[in-house]
Amino acid sequence: MCQQSHIPPSCSIARLVSWADQFLLQVTVLLNKAHLSGIVAALTAIHVLAAWVIPLRYPAYSPSDDPATYWVGKSAAHAKAVLPLVPDRLPGPLDAWAGGEGKRIVMEAPSSGAVMEIAFADTHETQPPLIRVSAGEVILAEFRPPKGSGGGKEDISDPFFTQKVSVSSAQLASSGGEVTIFTMDGSWARLHSVTFRAMPPIWEALIAIMALGLFFFFNTRPGPVKEREEEAPASSPAVIAASAIGSLVVAIVLPGPHFGLLDGLPLSTLEETVALMVAIPALAILGPRFFRLRLPAAAAFFLLAIKLGLWMGAPVGGMGLKIFDTPVEADRGEYKRTYDTLVNPGMSARITAPLLEGSQFPVDWLWRRDSRFTLISYPFKREARESHQGGHWIAARVEAWVDVPPGQKLAFITVGAEKGTISVLTSGAGEREYISSTVGEEPLAPDRLIPSGVSHISGDFVFTLDVARHYALAQALVGPDGDMADAIEAGAVWMDEDSARSSSLRRWMARIGAAFLDWGMAALLAWWGIWTLSYMRSRGEASPALLVAGILAAVAPFALAGVDLSSGSVASMWIIPLMVAGAMAYWAWAMATEVDAARNQALTAAAAGGLAGVGLWPILVNDCGGGAWTPVGLSTLVAGVLYVHWLKVRPSGQNDKGGDRPSFTLFTGMLIFPWFIWKWHDKTGKFFPYDDLSDFLTYQVFAREIWVEGDWWHAAGEPVFFYQPGYRYIAGALHAMFGQSFLAQSILELWAILLTCAALGVIGRWGGLGARTSAVAQFAYIALLFGPHFMTHVGLGMQELTANLFLFAVIILVARSGADPWPMAVAGLVAVLAFWLRFDRLGVLAAAVIFCMAPAGGSARQAWGTLYGEFRARWKPVGIYLSILAAGVAAVALRNLVFGGDPALLYRENMDLLTCKDMACSLRGYRQILAGSITCLDRAGVVMIAGVVGAIAAMVIRPSWLRGVPVSMGLLILGLLAPYWVGGPTNFEPKFSMHLLPIAAICLVLTFHSILTRRRI
């Protein structure tokens, strides 16, 4: 015992430790009460995420295939953020064709400091250059990229080497905010891109992790739920709330002047796409009652009023563009229509920003008429250009009114084009012709600079496809000192004379209105989100811990992106096996405790799960050539453990049923959307065909013929459908709203994944599972889907995941309809749309009607007897659903009979390619679908095989430990697999397995749940 008079050293240490422990405990309690740890973690995570999601990108371009036309006589190229065009070929001192000297590229960098990523498409085959990166006199890095192919590498879609260089704000201050890339020795290197990303300090990530630990473990203890008699104030009716949400959508999509981000259709910017495809749908699902408050509804209507005022009275910026792909059509004035034509009649597109990449040009829908599947003007692949029989060029005709400020002049700058001629008509000065400039050419000659004043301009630019790899068309204001600025953004280029001659007050008011609209929309969405989170927390559906964990889970993929996850790395040998084994052990323990199992049974299940994770590691690490786990796949695995843990320790009194709760959508949505939008943000405003003859490109061709050319009834002119018909209409509708961008199509696939997860929760609840056990199936599905093998089909623009969107919507509608005929009729209509997307879904769509019945368990005789009794008791809603589905099939057959004289659902020659002639063909098809690959057993194949075997076995052999699996799940599996007995899957693995994976995952979890409970029904 420690005495007051004499304290031994050991007692002093004990008291010090006790005092420190109490102090830290009190600090933690204070932080917890003030929610400071959660605020710090959330703000830090958002800052780190925003810094990496929003890069300052400098694309690499070349004016011609012959870099000598650019570099001879020049030693440097300059790029600014407003006009980020640099030559893609960087010569070295050994290149005599470029003057035999080192060349430099000087570019503007973010003043706050950044990580500079220099990606190379190719280098000289024997002597790549030694490259120095510097900021003023400070040398940032010296490196030599590896030897390349030396052939120029025609396709530069993917870099083969990337070098990262850090530059601080102090270093940039000494260099005037510029970074220089210089070739010191060796030969040439070809750039793919140069990207600047903000550099978040490492201490921010550490604080976020510490705050997460404090907040998560001190905020997830069970506690009382705050009861609320009223779910939300009902100060205005639901119709007003729906109208307010519609007003937000209209305020975004309504065409307007190009002053702000929300410039209306087509929604070609990233901000518009994210607002309409991510933010508003997510908030409308989670918190639609927000607009039953008077003030938010009034704010939404006020924003719409501002947009209406801009739409009717503001000056319209930009210029009209018409595209021609043959000289004959150019002479006749028969320009190529695009989706922009639907919004801007009389032109191929409206230029509202510099066209700095070839994929931004509206050449996306040009192809040879004698073969709808071959592009002729696609400028990124040599074989496509060589197939062009009408002349290897495209012509761009522009027309606009300009108001060049005094003291400045206007220049047209092009890349990959023959020097175009600009005709300028000025009041009092008559008409005069000017010549466009090219990148790297100082636009100082009088015949290349349009003088100040209001003028009408028009001109033609011919882009020769045989010569140039890239194309650009920019309009720049040139000041007296030679500095350039974007002419459209500066308000110098307008669509009509009235806009060009409008007063400065009118323009100022329009800019203020557009800025108020943008910031007001952002503020309203933020208010909506905060209110929704508070509302969900009051109902016990979310907690600050879940929110912070979700934000950090969204940041995790960006941190893991820099970790080597390839096969054979330290991470794949030690870290990832421990993560997988830990996740499997925790999930098994959570499933066991949810069924009120004894403690030793739960521990046994956890041990078995951990051993299974280690034992199955050789299979789990294999992904049919992919080998590595993706950052988002690993993050999803960890997020699943956090979410299941939250479900276990959440406050008592909550409804434990339904793994499809809104909190799950919130959590997973925050996890996956930031990562994928970061990966796909370059798709906005551009066209990216993956290859010349893919299914993806075929859907786009069909979609254009329907929406742009108006071939609605014949569905792209086909007497009998060649490909699945439904997706072409969806793709066309998205292009009509978002222009050339494919980002909306990709985001739609993410919503399909979330709806699939929600449907798995509905199926789990229907089968007697709790929220935790259903969550195991949900996270197992998306973790496997985000593996590198399956990941190749996420966001690809194919229709498998979109078809899942409708299939699982049918399951949700049927499960919630019960015996009510009207909801079943709605489910039947959605089932027709699902069938129209994929004809091979007919069997599983018919079998989906089982979810309006009670799950049939017990012995085989009892299970089938119960199912038969349920069918007889609910024959009316079942008959309505199946009748509507049959009518949809008959309508497709009738359409084909009328237009093509053949009632076949698909083009017969296409059916012959898919039809299996013998049993061996069918078995090979099933092997591919169940294994996830033709050549090996994919990690998802383990789940699919086990889930399918368990569900089908439960239809016939039902021992006591398998009687918890509903017999009708086997019918669902058989309905999904039945079409592949007569029509085998072809290529594009594992797209046919993507339909099976979620259902197999929930069947496997149902099987394990039945084993753990050992029910005898």
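In which helix is Met-944 found? Met-944 is found in helix α32, residues 939-956. Helices (H or I, at least four residues) and strands (E, at least two) are DSSP runs, numbered from the N terminus.

This is a predicted model, in which local features need pLDDT of at least 70 and side-chain atom pairs count only at pLDDT 80 or more, while totals for chains, interfaces and linings use all residues. Residues are numbered from 1 along each chain as its sequence is written, and side-chain values use heavy atoms, with hydrogens and water left out.

## Overall content

The secondary structure of the protein comes to 35 helices and 22 strands. Of the 1017 residues in the protein, 57% are buried, where buried means under 20% relative accessible area, exposed over 50%, and partly exposed in between (1.4 Å probe, protein chains only). Contact means heavy atoms within 4.5 Å. Among contacts between residues at least 6 apart in sequence, 79% join residues at least 24 apart.

Met-944 counts as buried because its relative accessibility is 0%. Met-944 touches Phe-790, Ile-929, Leu-930, Ala-931, Gly-932, Ser-993, Leu-996, Leu-997 and Ala-1000, not counting residues up to four places away in sequence. One of these, Ser-993, is 49 residues from Met-944 in sequence and 8.5 Å from it in space, C-alpha to C-alpha.

Ala-553 is found in helix α14, residues 544-560. With a relative accessible area of 7%, Ala-553 is buried. Ala-553 touches Ser-635, Ala-639 and Leu-671, again not counting residues up to four places away in sequence. Ala-553 and Val-638 lie 85 residues apart in sequence and 8.0 Å apart in space, C-alpha to C-alpha.

## Nonpolar cores

A nonpolar core is a set of buried Ala, Val, Leu, Ile, Met, Phe, Trp, Tyr and Cys residues joined through side-chain atoms within 4.5 Å. In soluble globular proteins, nonpolar side chains tend to be buried together. The largest nonpolar core here has 184 residues, and those with the most contacts inside it are Phe-291, Phe-676, Tyr-781, Tyr-881 and Met-969. Helix α22 (residues 743-766) gives the largest share of this core, 16 residues. Apart from this core lies another, of 30 residues, among them Tyr-58, Ile-131, Val-133 and Ala-141.

Tyr-781 touches Ile-753, Thr-756, Cys-757, Leu-760, Leu-801, Asn-804, Leu-997, Pro-998 and Ala-1001, not counting residues up to four places away in sequence.

## Helix spans and packing

The expected span of a helix is 1.5 Å times one less than its number of residues.

| Helix | Number of residues | Expected span | C-alpha end to end |
|---|---|---|---|
| α20 (695-707) | 13 residues | 18 Å | 18 Å |

Helix α20 is mostly covered, with twelve of its 13 residues buried. The buried residues of α20 include Asp-695, Phe-696, Tyr-699, Phe-702, Arg-704 and Glu-705. The buried residues of α20 pack against α21 (726-738) and α22.

In α29, the buried residues are Pro-877, Val-878, Tyr-881, Leu-885, Gly-888, Val-889, Val-892, Ala-893, Arg-895 and Asn-896. They pack against α25 (800-817), α26 (821-837), α27 (842-847) and α28 (860-873). Just after α29, Gly-901 takes a positive phi of about 70°. Just after α13, Gly-540 takes a positive phi of about 80°.

## Cavities and a cis peptide bond

On a 1 Å grid over the protein atoms alone, a cavity is a set of points where a 1.4 Å probe fits but cannot get out, and lining residues have an atom within 4 Å of a point. Grid points are joined across faces, edges and corners, and a volume is the space filled by probe spheres set on the points.

The count comes to seven cavities of 30 Å³ or more, and the largest cavity has a volume of about 60 Å³. Gly-256, Pro-257, Phe-259, Gly-260, Leu-261, Leu-262, Asp-263, Lys-307, Leu-310, Ala-514, Leu-517 and Asp-518 line the largest cavity. Helices α8 (294-313) and α13 (504-538) each supply at least two residues of this lining, and the largest share, three residues, comes from α13.

A cis peptide bond joins Leu-265 and Pro-266, with omega about -15°. Pro-266 is found in the loop between α6 (238-253) and α7 (270-286).

Technical notes:
On a 1 Å grid over the protein atoms alone, a cavity is a set of points where a 1.4 Å probe fits but cannot get out, and a pocket is an open set with protein on both sides within 12 Å along at least five of seven lines; lining residues have an atom within 4 Å of a point.
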